[in-house]
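Please read this briefing alongside the sequence and the coordinates.

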Amino acid sequence: MVATPDKPAPMPVCSCTELGHAELKEMLNNSVGPRKVHVDRHDYQPVISLKRDLPLILQKLGWGSELGCTVCRPVIHYYLQVSTRTIHDQEIESAQEIQVRWDNQIPLSSYARDAGGLATQLRTYWIGAVMPSPVSIGVAPGPGSLVSALVQDIGLLASPAGWEIYAGGHAEHPVKQGGLLGVAETEVQAATLASACLQWYRQTAWYDEPLWAWTERLGFMSIRETLLDDQLQRELAATLHADI
Amino acid sequence: MGLSVSSEPTASKLYVKETQCPYCSVQCKMTVEELAAPVAGQRRGEYTVQGVPNEASQGRLCVKGMNAHQHALSGQRLMHPLIRRNGELEPCSWGEAIQNIAERFRQLKDSYGADTVGVYGGGSLTNETAYLLGKFARVALGTKYIDYNGRFCMSAAASAGSKVFGMDRGLTFRLSDIPKAGCIVLAGTNIAECQPTLLPYFNQAKENGAFIIVIDPRKTATATIADLHLQVKPGMDALLADTMLKAIMDAGLVDPHFIGERTHGYEQLMQELADLQLEQAAQACGVDLALIRQAAIAYGEAETGMIMTARGVEQQTDGHMAVRHFLNLVLATGKIGREGCGYGAITGQGNGQGGREHGQKADQLPGYRSIENEADRAYVASVWGVDPASLPGKGVSAYEMMEKVHDQEIRALLVMGSNPVVSNPNVRLVEEGLRKLDFLIVADMFLSETARMADLVLPVTSYMENEGTLTNLEGRVLLREQGRPAPGETLDDWDILCRIAAKVGKAAYFQYDTAEDIFNELRVASRGGVADYYGITYERLRTEKGVYWPCSAPEDQGEGLLFGERFAHPDGKAAFTFESSTGWNDVTPEFPLILTNGRVLPHYLTGVQTHRSPALAARELENFVELHPATAARHRIHDGEWVEIQSVYGSFHGTFAHQRLHSGGYFVRTDALGWRSKCEPGNSTGAGPVLPNAWVQDSGRNHSTVAIGEMIHTDYR
């Protein structure tokens, strides 16, 4: 945390601390231990009660206020909830949700798939998932759809090859074009890849970091390499599924 | 979603002291070391892969080699045999699998004869396995039907080399000779993407002042290092070679002394070329005559020079002849048999060279011997301890074998190290044929497209686990040591063959404890043949880090530079080719474009291995189709749009990528040929279905993977 000529001090999370997001996340992990992968959702017990334990945690972190402020509290809640999975969902102040949109118009191309069906499935999978920043998902039945898959946080686009999955797009200021994460032959595979991407984002993004900014910070190729690891992709998707 | 998570404890850390890349024909050496094990749901494993200096790769690695361990360590590896029950593949024991094979083979042989069982190999198998596969077919099964996927690789160059020089070895020179060449012609070979670790040899040649000419319809990565790029119309390579030769003759740049002393057939060749009109020929090639002439003069005037070809020239309907027309240039200018000179066929598969020397081919016995030659049969039979009369005669090539499968003359097929339902031409016929089989066995590391169709799938070891020798593109034999124990119930492919042989009552002929035992028998079986390995031993390979064949005695150094004194024909002379090439004439107004295909840097063959390596799968995701901008404009196709390609054989979809390609062609990726090719017609993204059944009897060796197609603009993205 000490600034050196090569490494400037990180921007503090808020005025309660000098810690930046990376340091805070790491120290929280160290204080409660890394999360386990859950085979099903019933095999863990939250070990921290925010009401009871937060003052002590903040004290250990050298926080400048007893209960944190409106800026840092959601951040701490989020990291405790997502990266260590040790608190009850009900206590969390930082819920940012996923919005899934689709368009089922019949496009001119012959390879139309059921965008509405996939979108409904995805909503069911992801309902209630806590995200670091609001996430917009678009499912498009083909090119030319009103839902432009290339400018969504995650876009699923029907193609002759199946579903193309894009990530890191943004349709508003600043406009960003999403990159192709992968191509899935089936709806199940498409859902798994998109879920894995969301979970990797949950695990590695800073709180309040939009998905497009996260892809730029990690590097798109690095994200692709991680998510196209078949085993890890399934594990990440399963973790998201177990969490919600 | 039906998701599950496994969190098995991690085994002890992987450390492979020295192994060899499983991909291309350079066979780069490397170490693989695990830094951190994968953590379930948290991160991938971390590995360090470092090149180990050896003569060919000099310690270099490309992105494929750097990430090759990923497929070998993939969770998708097959770990136990699978047998089809009630339509589904289920795990079974090795005992059951081998018993099943022996019984089914016996039943089918009783009903239909020994030739009803076919064996289909591959160019990535070790020399030991390739050798044993040939022996297994002839001795254990008694079938004449064995062949391998090398027919769709460099076979045209192999047969051309045999015909012209009397010997087929990939390079007639050493890689270390390349920087000594004054002029280098690279025809239909994209070394920068297919054998990237060789590129520094060419850069070094350039630094030494070499003039580099690339002949390719595509502006490939290799073309970017060229001094001159002849963007030939697809299929016109032989005519281009003729045009260059005529220009060389006209300029008086031939070597009359070499022609007189070391060759025959030049008179006929001169007559054949007498009528060639340069301007017309250049037009047919789609290349400016001035440029062709510039290339011809550069090659003709250079003191030393080399010509290299690869699949671009070889995998055409008339590929065998196209190569021979390039060899005319080599002979006429006397640029072979001395330093800085020669011809090279840049083999594509890891053991494309060794795999074609020891009996995997239908007409061949070990050491490049002929199965139709009585003396060769008698010699090999004596090594194997069988009656020469018991050896079957020659079978048919890989392409024809699939026709025999389709006709149900072959009712059982053992596929080892190949994925024919994707890689063969005319995949519809192949797929139909494989479905008709009574019994299909596939030995593979993964559930490839072909394995998915099998009745029995046998799990084999990967490059890190399977010891054996491989012969690189130069003809240098290299030993790949075992780097780690075989995982799960996987077995070395040669071990599987021995087990089947034992079960069918031929154990006495298949008594080997190690790959080295097989190699020692191969040495004797190849002794005195064209590809003589007798002088090469595992011990020598360990101390000398590779030995060139031919090597007839333990003290023999092996021949790096071939044909210094004489060629391998009985009279010691090389043969000019004066028969004209038929070229490519099947383009019609309805289907005006010619398909060319090739590798992209991160991928190999049909992608069974590279698509399962996350770092490679993450690269070159798009199934692109390259077109000339004018062709694209004519069909109103824009960058990134999906297009449908149609031929008389079928259709597929791809994404258009802008590329400076000759206007008569379009390009697709070889590794994407199988993508979704199993779905309904018209909805495939693999180019496989459009590849035609084009096959020219004359060459006897070659099948075309060139298709004609029409561009159809299907969407508006």
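Pro550(B) lies in chain B, within the loop that runs between β21 (547-548) and β22 (574-575), where strands are DSSP runs of E with at least two residues and helices are DSSP runs of H or I with at least four residues, each numbered from the N terminus. This is a predicted model, in which local features need pLDDT of at least 70, side-chain atom pairs count only at pLDDT 80 or more, and totals for chains, interfaces and linings use all residues. Residues are numbered from 1 along each chain as its sequence is written, chains are lettered from A and ligands numbered from 1 in the order in which they are written, and side-chain values use heavy atoms, with hydrogens and water left out.

**Cis peptide bonds**

- In chain B, the peptide bond that joins Trp549(B) to Pro550(B) is cis, with omega at about -5°.
- In chain A, a cis peptide bond with an omega of about -10° links His173(A) and Pro174(A), and Pro174(A) belongs to the loop between β4 (162-167) and β5 (179-184).

**Positive phi outside glycine**

- Asp208(A), a residue other than glycine, has a positive phi near 75°; Asp208(A) sits in the loop between α5 (187-204) and α6 (211-218) of chain A, and is exposed, with a relative accessible area of 52% (exposed means over 50%, with a 1.4 Å probe and protein chains only).
- Gln58(B) is not a glycine either, yet its phi is positive at about 55°; Gln58(B) is placed in the loop of chain B between β3 (46-52) and α1 (63-66), and is partly exposed, with a relative accessible area of 43% (partly exposed lies between buried, under 20%, and exposed, over 50%).
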